[in-house]
Protein chains: 2
Amino acid sequence: MPPSTTSPEALARELDRLLPSGQVSTGGSIRALHGEDLSFHVPCLPDVVVFPRSTSDVVRVLAFSHERRVPIVPFGAGSSLEGHILPVAGGISLDLSGLDSIVAVRQSELTATVQAGVRRLVLDRTLSQHGLFFPVDPGADATLGGMAATNAAGTMTLTYGKMRSRVLALEAVLPTGRVIRTGSRAMKSSAGYDLTGLLVGSEGTLGVITELTLRLAPIPECVHAVRASFPAVSDAAGAAQDLVAGDVGARRIELIDAWEIGALNRFWAGNGRSGPARPPLPERPLLLVEVAGASEAARAALADAVAVLDAHGALEAVQAVTPPECAALWRLRSEVFEAERQVAPGHRSVSTDACVPLGQLGEAIEFTRTAIDRWGLLGGIVSHAGDGNIHTGLLVDPGDTDEMRRLEGYLDELLNDTLARGGTCTGEHGIGLGKREALRREHGDQLDLMWSIKRAFDPHGIMNPGKVLPDDASPSGLPTATSR
Amino acid sequence: MPPSTTSPEALARELDRLLPSGQVSTGGSIRALHGEDLSFHVPCLPDVVVFPRSTSDVVRVLAFSHERRVPIVPFGAGSSLEGHILPVAGGISLDLSGLDSIVAVRQSELTATVQAGVRRLVLDRTLSQHGLFFPVDPGADATLGGMAATNAAGTMTLTYGKMRSRVLALEAVLPTGRVIRTGSRAMKSSAGYDLTGLLVGSEGTLGVITELTLRLAPIPECVHAVRASFPAVSDAAGAAQDLVAGDVGARRIELIDAWEIGALNRFWAGNGRSGPARPPLPERPLLLVEVAGASEAARAALADAVAVLDAHGALEAVQAVTPPECAALWRLRSEVFEAERQVAPGHRSVSTDACVPLGQLGEAIEFTRTAIDRWGLLGGIVSHAGDGNIHTGLLVDPGDTDEMRRLEGYLDELLNDTLARGGTCTGEHGIGLGKREALRREHGDQLDLMWSIKRAFDPHGIMNPGKVLPDDASPSGLPTATSR
């Protein structure tokens, strides 16, 4: 059957008949909200936004879209950094925020089952009543479904792993409208091919994740933290490596470069800040380290961590022992994003996501810093140093063609360097729209296998077309749904 | 092209011409060694055994077999418990033990790259010189390739995860003779579909893993252990749950039931034992708990663990602080297998592998014990209690048809109970030959997707035919290579 040529309005009417009332919108502002994420990609609009309230609503929409070849773009909180939710081929933006039920919290087995639209902070508020938390923290208040779709990670990956290792089971609706339930509530399984792990990180291109069973962690008795400035990035990176290799029990190790510290200082000094005055930090690379455990173990881990920082020439090490002290210390990490944006208001932020082997961290950050400057770009570096993930936050004006050309040159050079070091183009943000050529460079020998998997799940190519896989790498012309 | 009808001798001659000399054997004893594993499945012989020494040897054999439709069964150490290495369709047993090079140990990034035939204990001897170890310990001295193929786990999964979370990258030869390299040396990646995780656990049905890059762990400064007997299994299981939920830093929690303790006592008292006399243990369920960390943290963790055991009514808690004390304590765990076999010499051992949600552990073990007795079978229970994995070691005489019928009844009942509890039929041993119907019961809604993946990797069905996927679940008659 050829792609439908129905108008957006007719499409909306048909969907409206399929679903309980009030779940379909073609309103301009609603469509605009579903056509833009946190990336620098050019916004584009879906034809229709659908708000399912249940798995069976999703089934109806997918079966319809499959038959009519209408593109479907799953939408969570819109916090993607790689253009995942942009409906580049038009069609339906499927907003899953209405699937917001925490189905079960099972304290004795450290699991919870949630619908895909549940947000991270909502879940953690509920879990805290049980002494538990979900330890994947990507920063944004994303939906759990979105976090699974991109295989999100964040600041605590070192200790707790990323989404793929914390999703035990999931319910997904395939494009044909069929529902599958992968995995189990057991902590581990070797039962057949790992379809759970395949759907996690598939970025909405294989099906729609509607429910997740997550492996939780007990809230530690004590959490302490320390921040330290270093003469050079190589010192800070060396300290991070030794913290990991020395197994001192650090659960977060964040590195912030001198450029970002400068931006923070100016943010605090200017109008941007709220709350009490913040004394400026030394404009040097800074490490933030968090340890956790039972009280005695956490105290010992903090002392061990401080010793490692000192051994690498920490210029200043400020410890935080009580929860308010820790919260104050971590606030600086969460303010980096806002401080960075204040450097060039109105510019778009481009977040890179290289991840290198741990032993390469210092050199990779030095290379990155030099490259940013050499290409005349504006931006700084933050790194989940415990796992080698390096983000550059670059501020660009998409209307400035020379700047965009230089950005492209920088990104290309960064990719070459990352791959030469044995790293990956994306540690946690995913491929989305903008990294498809990077995926070809990194895993070009496997794109046909990935396309075959795509075809098995989504024979008509309706699921999030234009994402993850370069179109021309399809081995035998998989049809891809396009705008009706 | 139809399956080849060449005789084994002609096949051997053709392979011999393809490969450097001395890599092909049709000798009876060699074939017999490659036709039996540690499972209770009936041995069967390959037509030819091939001993590649390099990835390019594997490429040659696979390209040949693909063209000629000859079944290929990858073989590591032969320690499979699920019949993985049995050449049920004849063909070639591909013995990878010659791919035994430790390619690199990268201390600063906590990774090592090894060829697939490297054995676990050989790797750990090398790693110990760098202060590192590889923390997946399935018990047997398996090859790393075999461990990856079955997604092995073992006693330390609670802290360190299983193979799928420790294999960062791999090289695999696909049936067409094509080599792919998945993943990277970075600790995490969101670059495309997770083909690394798909090949891990694929049990030789998608391709031949030839090289692995592994995530290592630093050897902890101190390791302590404690064993405790309990009045009932429910007490021991409750203690295990609280150790996990309390996050006291236990890295191994092993449960051994009273039947196995009885077998151990008789083993030690009889001729089977070697070494110094061992006083008998109370014939009660026993927990073995290991903690690790820097010296102060490890001491604190041991005290916390002992407090949890006491709170659950430990009848006797014996601590082991020094390395020799710990080794002596853990020896009893490793002697269980031998002690069990001595109960009925000449019988085959059947190891079940249910894994249930942690909160179900106590009841699941009680159910299991009752079922063993009700079906009149002989055997005991050991459990990786920290992750809910329950093994029963049953001693059966494959020639006793009544016993085998009762075994089947027991296995069926156990599967029903495990699935009803939200668990999985296999925590770590894999599906292999004997659990294909269990896989259908557990994931029957996904078998066609698994078959589609199989077809994408292995269009002629030459890779380990008859394993993992039930043949009749193939959606459109994938050709399966059969004995020539």
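Helices (H or I, at least four residues) and strands (E, at least two) are DSSP runs, numbered from the N terminus. The model is predicted: local features need pLDDT of at least 70, side-chain atom pairs count only at pLDDT 80 or more, and totals for chains, interfaces and linings use all residues. Residues are numbered from 1 along each chain as its sequence is written, chains are lettered from A and ligands numbered from 1 in the order in which they are written, and side-chain values use heavy atoms, with hydrogens and water left out.

**View 1. A:Leu110 sits in a loop between two strands of chain A.** The loop joins strand E5 (102–106) to strand E6 (111–115). Phi of A:Leu110 is near 55 degrees, which is a positive value in a residue other than glycine. A:Leu110 has a relative accessible area of 6% and is buried (under 20% relative accessible area; exposed is over 50%, partly exposed in between; 1.4 Å probe, protein chains only). Chain A averages a pLDDT of 94, and 95% of its residues score at least 70; pLDDT is the predictor's confidence in each residue, from 0 to 100.

**View 2. A:Ile72 is a buried residue of strand E3 in chain A.** The strand covers residues 72–75, and A:Ile72 has a relative accessibility of 0%. Leaving aside neighbours within four places in sequence, A:Ile72 is in contact (heavy atoms within 4.5 Å) with several residues, including A:Val61, A:Leu62, A:Ile92 and A:Leu94. Further along the chain, A:Ile462, A:Met463, A:Asn464 and A:Pro465 are also among the residues that A:Ile72 contacts. The C-alpha atoms of A:Ile72 and A:Val50 are 9.9 Å apart in space, and the two residues are 22 residues apart in sequence.

**View 3. Chain B superposes on chain A by a rotation of 180 degrees.** The shift along the axis is 0.0 Å and the RMSD is 0.0 Å; copies are superposed by least squares on the C-alpha atoms of residues with pLDDT of at least 70 in both. The two copies are therefore related as by a two-fold rotation axis. B:Ala297 has the C-alpha nearest the axis in chain B, at 2.3 Å from it. The copies meet through the same surface, because 100% of the interface residues of chain B are also interface residues in chain A. The predictor gives the complex an ipTM of 0.95 and a pTM of 0.95.

**View 4. Helix H16 of chain B is largely enclosed by the rest of the structure.** Eight of the eleven residues of this helix (residues 447–457) are buried, among them B:Leu447, B:Trp451 and B:Phe457. In chain A, the buried residues of H16(B) pack against strand E9 (179–183), helix H8 (195–199) and helix H16 (447–457). In chain B, they pack against helix H8 (195–199) and helix H15 (436–443).

**View 5. B:Thr426 is found in the loop between helix H14 (401–420) and H15 of chain B.** B:Thr426 is buried, with a relative accessible area of 0%. Not counting residues up to four places away in sequence, B:Thr426 touches A:Ser189, A:Ser190 and A:Ala191 in chain A, and B:Asp353, B:Ile431 and B:Lys435 in chain B. A polar atom of the B:Thr426 side chain lies 2.8 Å from the backbone nitrogen of B:Gly430.

View 6. B:Asn151 lies in the loop between helix H5 (144–149) and helix H6 (157–160) of chain B.

Definitions and conventions:
Polar contact = N/O pair within 3.5 Å; in protein donor to acceptor, adjacent residues only side chain to side chain.
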